[in-house]
Amino acid sequence: MEVFTTLRLAWKTPHRSHYLFKRKNELVMKDMKWKILQSEQLFDDLWFKVRKDTCEQPNGKIVDPYYVYEFPTWVTAVALTEDGQIILERQYRHALGETAWEIPGGCVDDTDASHQSAIERELLEETGYRFKEYHYLGKTSANPSTNSNWMHMYLATGGKKMEEQALDENEDIEIHLFSVDEVKDKLRAGEIIQSMHVTCLFYALDKLGRLIY
């Protein structure tokens, strides 16, 4: 028989008391979600928006302003060829002024039927490869304090070169193939600097049984 414990928090708002319900031996976690009282769009251009929120915390405190960056949903994949090599991309990233090693990925378009179809499209456009299988690895956030969107991560296997790249106007992407051990060496050396791509690589290595690093 489950035993439930009711805990009354030491704090309360002027409007309501807060209670927590937990099963025996479970962690006690209060509801920390803020309520949005007002929202104003400050900037809207292409794939980037900025809004200003007025929020109320559970204890009644008002937070004003709070700025939120709105991006499209993103997808990325650790992509393995038929012979087990990992596809890495090399491209210039202007905000940092660095040319970086990355894994393929991009934005989910309105025309994409699903997150998986979005990463299939991105892989074909950026690398020219098609893949036999896709394994969903979960989602991550670049910065949950400012960004409203998610990055969905995949492991794609059985890749075969089918066509040439079909890059966007401002894209210049080199494609390179590395063994799993060579990619792990790049991770150790800090050569892969895109944090969400590093996260996806570790999830993929775990899925492949190659996480020992």
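Helices, of at least four residues, and strands, of at least two, are taken here as DSSP runs and are numbered from the N terminus. The model is a predicted one.

## The largest pocket

The largest pocket has a volume of about 1,500 Å³, and 38 residues line it, with Trp47, Trp74, Arg93, Gly106 and Cys107 lying nearest its centre. At least two lining residues come from each of strand E6 (74-81), strand E7 (86-93), strand E8 (98-102), strand E9 (105-107), helix H1 (115-127) and helix H3 (195-207). Sorted by class, this lining holds 17 nonpolar, nine polar and 12 charged residues.

## The second largest pocket

By class, the lining of the second largest pocket is made up of eight nonpolar, six polar and three charged residues.

## Helix H2

Which residues of helix H2 (residues 180-188) are buried? They are Val180, Val183, Lys184, Lys186 and Leu187. Viewed down the axis of H2, these buried residues fall within an arc of 155 degrees, so they line one face of the helix.

The buried residues of H2 pack against E7, E8, strand E13 (174-178) and H3. After H2 comes Gly190, which has a positive phi, near 70 degrees.

How values were computed
Residues numbered from 1 in each chain as written. Predicted model: local features only at pLDDT ≥ 70, side-chain atom pairs only at ≥ 80, totals over all residues. Heavy atoms only, no water. 1 Å grid on protein atoms, 1.4 Å probe; cavity = no way out; pocket = protein on both sides within 12 Å on 5 of 7 lines; lining within 4 Å. Points joined across faces, edges and corners; volume = space filled by probe spheres on them. Nonpolar A, V, L, I, M, F, W, Y, C, P; charged D, E, K, R; others polar. Buried < 20%, exposed > 50% of the residue type's maximum accessible area, 1.4 Å probe, protein only. Arc of directions from axis to C-beta. Contact = heavy atoms within 4.5 Å.
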